[in-house]
Amino acid sequence: MFIETKQLTKKFGGLVAVNGVDFSIEKGKINAIIGPNGAGKSTFFNLVSGSYQPSSGQVFYKGKNITKLPPNKIAELGVARTFQTTNLFEQATVLDNVLVGHRLRTNSSLLDAVLRTKRFKREERRCMEKAMEVLDFVGLTHVSDKLAGNITQEEKKRVAFALALATDPEVVFLDEPAAGINPGETEGLAELMEKMVGRGITVCLIEHKMKMIMKLADKIMVLNYGEKIAEGTSDEIRNNQAVIDAYLGGEASA
């Protein structure tokens, strides 16, 4: 199994945000998590990526128990994520923002940087090459020298994708990647996700835009009040009465 959660649970005081969720994320596929606001979707992401420690339950990555690992160690294993709010260094260039991502894969010390050793120079060159490679992949080389604060919302979304890709991930968790952008831009990001899968990167996303999810996702999990109420293909989810009652209504065809 690629990524698997077993009875994953997170409590905040008396609130159970995620309650005993078993889910497997399939390698090389687009996996989606949907549900009403407050259903526990982002909390689930935070548990898998190490931002939160679960109250109980376990997370496995390629058979390894990663439940207690901190976020940086999980990222080093090949797990990257974006957030609902695109947090960039607004006064830095797009290129400089993306350079931060690949530094996860470097080994230079502070002394290497001060002395500008051969290792430091070699790794800086590789960081630059990787940053330009992923900017080209997401279609943003033309804004590489612009300040991140001066680009469009859709371009900021693509920068967040590039930042995640710069870490050389095997799986990328995308938290509402299409929030705040128009239908045409949404279609462009959907194509980018398919392109990522074509390069061997597994995608898992949270999204409220049902038309995109139903067209895009290979596998969908539905959360409601922290509990998994359904799992399956788009057709299975679209026709699941419990999902319709809890969440979809007429949204699946919207």
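**Packing of helices α6 and α7 and the surrounding chain**

In the predicted model, Glu154, Lys157, Arg158, Phe161 and Leu165 of helix α6 are in contact with Glu185, Gly188, Leu189, Leu192, Met193 and Met196 of helix α7. By residue class, this contact between α6 and α7 comprises 6 nonpolar, 1 polar and 4 charged residues. Helix α6 spans residues 153–165 and helix α7 spans residues 183–198. The axes of the two helices lie 11 Å apart and form an angle of about 15°. Because angles under 35 degrees count as roughly parallel, α6 and α7 are therefore described as roughly parallel to each other. The crossing in which α6 passes α7 is right-handed.

The chain consists of 254 residues, of which 50% count as buried. Among contacts with a separation of 6 or more, 67% are accounted for by residues 24 or more positions apart.

Helix α1, formed by residues 41–48, is mostly covered, with 7 of its 8 residues buried. The buried positions in α1 are Lys41, Thr43, Phe44, Phe45, Asn46, Leu47 and Val48. Gly50 follows α1 and has a positive phi, near 90°.

A further site was examined in strand β2, which covers residues 15–25 and contains Val16. The relative accessibility of Val16 is 29%; buried requires under 20% and exposed over 50%, so Val16 counts as partly exposed. When neighbours within four places in sequence are left aside, Val16 is in contact with Thr9, Lys10, Lys11 and Tyr225. Val16 and Gly226 are separated by 210 residues in sequence, yet their C-alpha atoms are 6.7 Å apart in space.

Notes
Residues are numbered from 1 along each chain as its sequence is written. This is a predicted model: local features need pLDDT of at least 70, side-chain atom pairs count only at pLDDT 80 or more; totals for chains, interfaces and linings use all residues. Side-chain values use heavy atoms; hydrogens and water are left out. Buried means under 20% relative accessible area, exposed over 50%, partly exposed in between (1.4 Å probe, protein chains only). Contact means heavy atoms within 4.5 Å. Axes are lines fitted to C-alpha atoms, for helices over the stretch in contact, and angles run from 0 to 180 degrees between N-to-C directions. Helices (H or I, at least four residues) and strands (E, at least two) are DSSP runs, numbered from the N terminus. Angles under 35 degrees count as roughly parallel, over 145 as roughly antiparallel, 65 to 115 as roughly perpendicular and the rest as oblique. A crossing is left-handed if the near helix is turned anticlockwise from the far one by less than a right angle, and right-handed if clockwise. Ala, Val, Leu, Ile, Met, Phe, Trp, Tyr, Cys and Pro count as nonpolar, Asp, Glu, Lys and Arg as charged, and the others, Gly among them, as polar.
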